[in-house]
Amino acid sequence: MSQKLRAGILGGTGMVGQRFIALLENHPWFEVVAIAASPRSAGKRYEDAVGGRWKMDTPMPKAVKDIVVMNVNEIEAVASKVDFVFSAVDMSKEEIKEIEEAYAKTETPVVSNNSAHRWTEDVPMVVPEINAEHMKVIEFQKKRLGTDRGFVAVKPNCSIQSYAPVLTAWMEFEPYEVTATTYQAISGAGKTFQDWPQMQGNVIPFIGGEEEKSEKEPLRIWGEIKDGVIVPAQTPVITCQCVRVPVLNGHTAAVFVKFKKKPTKEQLIQKLIEFRGAPQELELPSAPRQFIQYLEEDDRPQVTEDVNYENGMGISVGRLREDTVYDWKFIGLSHNTVRGAAGGAILCAELLKAQGYITEK
């Protein structure tokens with residue numbers, strides 16, 4: 001590729017926006033040329049706008065330090081500088097819906113980390129290894145919006161990444177009932193321990209909205225396009241509890257599964273190891289070579305050992321064993337701000353570029 005596509009970051013000063021900027025440093029296809037945020041940050045150099053709030057464990061990329069932050073509400077001005085945008089804005093759901101569609105109507109594709117459009121029927125919500133074909137619904141969305149190249153695409157909630165890919169790998173065995181508990185890192189709330197000292201040594205058994213997302217979003221991912229909209233699957237039925245734990249990065253899930261067909265442990269592990277999707281076939285830049293790894297040790301996966309597997313883009317699974325009530329149970333682990341947020345959205349953008357939906361303006 002001779003020239004990189006020009007990317008903008010909406011909500012670039014927040015934690016997910018910072019993660020986008022860190023992950024896009026030296027990206028082979030995309031270059032951050034515009035950063036937009038709230039009016040209070042607009043007009044400042046990015047380094048000054050962030051100030052002491054840089055939350056990544058790698059230094060701020062030099063290439064973005066002097067970019068002057070734009071007002072995210074000045075849509076035409078931002079859109080004129082970019083080929084597409086990533087969205088990580090911190091607004092109400094209705095405000096996010098409105099602003100993301102407004103950017104799309106300027107013929108600027110929007111790849112969003114936000115939840116606002118996850119249930120808009122003609123907006124694809126994609127884990128690229130699972131449902132790359134859902135991007136086809138964009139053609140129906142563009143008709144609704146009256147655009148030629150502008151659209152909105154989203155990635156799903158971070159909490160499902162540690163078990164939805166696993167269940168997808170096992171679909172031929174027909175899982176029909178799933179119970180999951182997710183143990184979610186504080187960065188999922190946009191926090192560090194400095195911001196949230198109350199989480200030191202603490203567990204909070206409630207995360208607003210997470211349980212419904214964790215139960216319903218996998219069904220939309222497993223759904224199909226009918227009459228220009230995505231119709232969610234009906235099974236497996238999922239019930240979930242979501243717990244905040246004193247971990248910086250990494251969502252862990254304890255999952256119990258019932259199957260209509262009765263697989264062996266060897267068959268289940270083989271399906272995990274062999275599971276591949278469009279990112280691996282297309283060799284997308286951010287794609288993990290091995291999407292899911294299975295760990296044989298009794299005490300794995302662990303956050304400290306495994307959260308950065310495949311640069312945070314892979315899923316780690318362990319402790320697969322028979323259960324006395326369900327058929328099988330396992331532990332899954334994913335990086336919530338890489339695979340579960342910015343990295344997952346970047347992989348979606350790479351897929352959209354490979355499919356011809358994101359091009360130079």
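Two strands are taken to pair if DSSP finds at least two bridges between them, and strands themselves (E, at least two residues), like helices (H or I, at least four), are DSSP runs numbered from the N terminus. The structure is a predicted model, in which local features need pLDDT of at least 70 and side-chain atom pairs count only at pLDDT 80 or more, while totals for chains, interfaces and linings use all residues. Residues are numbered from 1 along each chain as its sequence is written, and side-chain values use heavy atoms, with hydrogens and water left out.

Strand E13 (residues 315-322) runs antiparallel to E14 and is joined to it by five bridges; a hairpin of five residues connects E13 to E14. Along this pairing, Arg321 has Lys329 of E14 as its bridge partner, and Gly318 stands opposite Ile331 in E14. Strand E11 (residues 251-259) is also antiparallel to E14, with seven bridges between them, and here Ala253 is the bridge partner of Gly332 in E14.

E14 itself (residues 328-334) is mostly covered, with seven of its seven residues buried, where buried means under 20% relative accessible area, exposed over 50% and partly exposed in between (1.4 Å probe, protein chains only). Trp328, Phe330, Gly332 and Ser334 point one way from the strand, whereas Lys329, Ile331 and Leu333 point the other way.

Finally, Arg244 deserves a look. Arg244 lies in strand E10 (residues 237-244). Arg244 is buried yet has no salt bridge, the nearest side chain of opposite charge, Glu210, being 6.1 Å away. A salt bridge here is a side-chain nitrogen of Lys or Arg within 4 Å of a carboxyl oxygen of Asp or Glu; Lys and Arg count as positive and Asp and Glu as negative, with His and the chain ends not counted. A polar atom of the Arg244 side chain does lie 2.7 Å from the backbone oxygen of Ala185.

Key. A polar contact is a pair of N or O atoms within 3.5 Å; within protein, one must be able to donate a hydrogen and the other to accept it, and residues adjacent in sequence count only if both atoms are side-chain atoms.
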